[in-house]
Amino acid sequence: MHILIVGAGYTGLTAAKDLLAAGHKVTICEAAPAPGGLASGFRGSDRWEWPLERFYHHLFETDSDLRSLIGDIGQSDKLFFEAPRTVQWWRGRTWQLDSPVKVLQLPLMPFIDRVRFGFAIAYLKYIVRDWRPLERETAASWSRRVMGEKAYTGMIEPLLRGKFGSLAETVNMAWLWSRFKARSFKLGYYRGGFQAFADDMVKYVVNKGATVHFNRPLTGLTYDGQAWFATSPNGEILNADRVLVTTGPDVLKRLVMSLPATYLAGLEKLQSLGAMVMTLALRQPLTENDYWINMPKPEFPMLAMVEHTHFIDAKHYDGDHILYCGDYVPVDHPYMTMSRNEIIEAFLPALQRVNPAFERSWIRDAWVHRERYAQPVAPVNHSGSIPPIKTPVDGLYWASMSHVYPWDRGTNFAVEIGHRAAAVLIADNK
Ligand SMILES: Cc1cc2nc3c(=O)[nH]c(=O)nc-3n(C[C@H](O)[C@H](O)[C@H](O)COP(=O)(O)OP(=O)(O)OC[C@H]3O[C@@H](n4cnc5c(N)ncnc54)[C@H](O)[C@@H]3O)c2cc1C
C-alpha cells in the first residue's frame with residue numbers, strides 16, 4: 001500500500017516510521033523547506049552552531065513516547081536533562097516555581113491556602129487516574145471549589161488567562177489535570193535542538209525507503225474511488241492509495257473538498273488559538289539566571305519570557321543570549337499582523353521592567369514567528385467532539401494536535417498520535 005503523509009512534523013515523521021516498518025510505501029509532502037513543523041528551528045546567524053526553535057521548546061522527563069522514539073532511532077545519547085529556573089513574575093519580582101517546596105513558599109496567598117493548593121495538586125498528579133469525570137466541569141469552577149478562591153486567583157486564573165485569554169473560563173478541568181500530570185521539574189533538550197531530531201528522523205525514514213518532498217505545499221487532495229491524487233503549486237500530481245493528513249483542521253478543509261457536511265460541522269467546532277513569538281538575540285543576558293518567567297497579563301504584553309540561554313549554553317549561538325517573548329492569541333489579534341519593529345516597541349517597556357538596566361542597544365537581532373494553529377482549546381465534555389483518526393472519506397486519515405486531548409499539545413503527544421494513526425492505518429489495510 002502506498003501511503004501519502006501530509007506534513008513532516010513530529011506526527012507525520014513518527015507515523016512514517018511505523019508504516020515503513022509494517023511494509024508500506026511512504027511518501028511525505030512538507031510545505032516548509034525543512035521538517036519539524038512547529039518544533040522546527042532557524043539559524044539567526046551563520047555562526048550559530050545549532051539551529052534554534054522558532055517557538056521555545058523543551059521536553060519533560062515524563063515524555064515517554066518521544067524518549068522511546070529517540071532511543072528507537074539510536075540517538076538517546078543526544079538527549080540531556082537540566083533543571084533551569086522556572087519563575088513567576090509577581091509584585092515587581094520573580095518567585096521560583098520549580099519545586100513543590102518553592103511553590104508552597106510563594107507568598108501569593110495565606111499559608112493555609114498554599115497547603116490546600118499543594119494537596120489539590122498532589123491529588124491531581126498522584127491520585128487521579130481517570131480524567132473523564134473532570135472534563136464535565138470547567139477548570140475555573142473545579143479549582144475555585146477544590147483549591148479555594150485565593151489559590152484560583154493567585155495561581156490558576158493567571159495560567160488560564162495567560163494561555164487562553166477570553167476563552168479561559170471555558171477550558172475544562174481534564175486539560176488542567178493533564179498539565180499537572182505530565183510535567184516534571186527537570187527539562188530536556190536534544191543536542192542540536194528539536195530541528196536536529198526532525199532531521200535525524202528524516203534520515204531514518206529515508207534510509208528505510210521513504211520519499212520526502214520539502215517545499216511541497218499541497219493544494220488539493222482528491223479521490224477517484226481507487227486512488228488519491230495530491231496537487232501542488234509546481235503542477236506535479238502525486239498519487240497514493242491512502243492519505244494521512246497531519247495539519248490543523250483548516251488546512252484539512254481546504255485540501256479535501258469532498259468532506260461530508262456533518263464531518264465539516266464537527267471540524268468547525270474545534271477551537272484553537274494562534275501563537276506569536278518574538279525571539280531576541282541579546283548582547284548580554286536579560287535576567288541573572290531565569291529560564292522561564294510566567295508574566296501576568298494584562299500587566300505584561302506577553303504570556304512568558306523564556307531566556308533559552310539560561311537552559312542551553314550561549315556558546316551554541318555564537319555567544320548570543322536568546323530571549324523569547326511569546327503569547328497565544330486569536331488569529332485576528334494585532335500580534336498576528338504587527339511588524340517586527342512594532343512588536344519590539346510594544347515589548348521594550350516589559351523588558352525594562354524585568355531588568356531596569358536593559359537598553360535597546362542590547363538587541364543584536366530580532367525575529368518574529370507566528371502560527372495560526374498553535375493551541376487547541378478544550379471546552380467542557382470535549383472528548384465527544386474529537387473526530388476519529390479514520391475520516392468518513394474512503395482512504396483518508398487525519399491526526400493532529402486536536403487529537404491528543406486530554407493531553408496538552410506537545411512533541412511527545414505528536415509522537416504518540418503519530419503511532420496511533422499508523423496503527424489505525426495498518427489495522428485498516430491488512
Ligand atoms: C509557542 C509554542 C511552544 C511550544 N512549546 C513546546 C514545548 O516546549 N515542548 C513540546 O514538546 N511541544 C511544544 N509545542 C508544541 C509542539 O511543537 C507541537 O505539539 C508539535 O510539534 C506538533 O507536531 P505535529 O506534527 O502534530 O504538527 P506540526 O508541527 O504543525 O506539523 C504539521 C506539518 O504540516 C505541514 N503542512 C501544513 N500544511 C501543509 C500542506 N498544505 N502541504 C504540506 N505540508 C503542510 C506544516 O508545515 C508542518 O510541518 C509548542 C508549540 C508552540 C506553538
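**Entry 1: helix α4 and helix α7**

I began with the place where I121, L124 and K125 in α4 meet W177, F180 and K181 in α7. I keep in mind throughout these entries that this is a predicted model. When I sorted the residues of this contact by class, I found four nonpolar, no polar and two charged. I then looked up the axes of α4 and helix α7 (residues 173-181), which come within 8 Å and cross at roughly 85°. Because angles of 65 to 115 degrees count as roughly perpendicular, I noted α4 as roughly perpendicular to α7.

**Entry 2: helix α4 and helix α6**

Next I asked myself at what angle helix α4 and helix α6 pack. For helix α4 (residues 111-127) and helix α6 (residues 149-164) I found an angle of about 75°, with the axes 9 Å apart. I therefore wrote down that α4 and α6 are roughly perpendicular to each other. On the side of α4 the contact is made by D113, R116 and F117, and on the side of α6 by K150, A151 and M155. By class, this contact of α4 with α6 holds three nonpolar, no polar and three charged residues.

I turned to strand β11 (residues 220-223) and strand β12 (residues 228-231), which pair in the antiparallel sense over four bridges.

I looked up how the chain is divided, and noted domain 1 (2-38 + 192-270 + 382-428) and domain 2 (99-178). The centres of domain 1 and domain 2, taken over C-alpha atoms, are separated by 34 Å. How many residues does the contact take from domain 1 and from domain 2? I found five residues from domain 1 and seven residues from domain 2. The side of domain 1 that touches domain 2 has, by class, two nonpolar, two polar and one charged residues.

**Entry 3: around the ligand**

Last, I asked which of the 35 residues around the ligand come nearest, and I listed G7, G9, T11, G37 and L38. The elements that give two or more residues to this shell are α1 (10-21), β15 (271-282), β19 (363-377) and α12 (411-428). When I divided the residues of the shell by class, I noted 18 nonpolar, 14 polar and three charged.

Definitions and conventions
Residues are numbered from 1 along each chain as its sequence is written. This is a predicted model: local features need pLDDT of at least 70, side-chain atom pairs count only at pLDDT 80 or more; totals for chains, interfaces and linings use all residues. A residue is near a molecule or strand if its C-beta atom, placed from the backbone, lies within 6 Å of it. Ala, Val, Leu, Ile, Met, Phe, Trp, Tyr, Cys and Pro count as nonpolar, Asp, Glu, Lys and Arg as charged, and the others, Gly among them, as polar. Axes are lines fitted to C-alpha atoms, for helices over the stretch in contact, and angles run from 0 to 180 degrees between N-to-C directions. Angles under 35 degrees count as roughly parallel, over 145 as roughly antiparallel, 65 to 115 as roughly perpendicular and the rest as oblique. Two residues are in contact if their C-beta atoms, placed from the backbone, lie within 7 Å. Two strands pair if DSSP finds at least two bridges between them. Domain bounds come from an automatic or database domain assignment.
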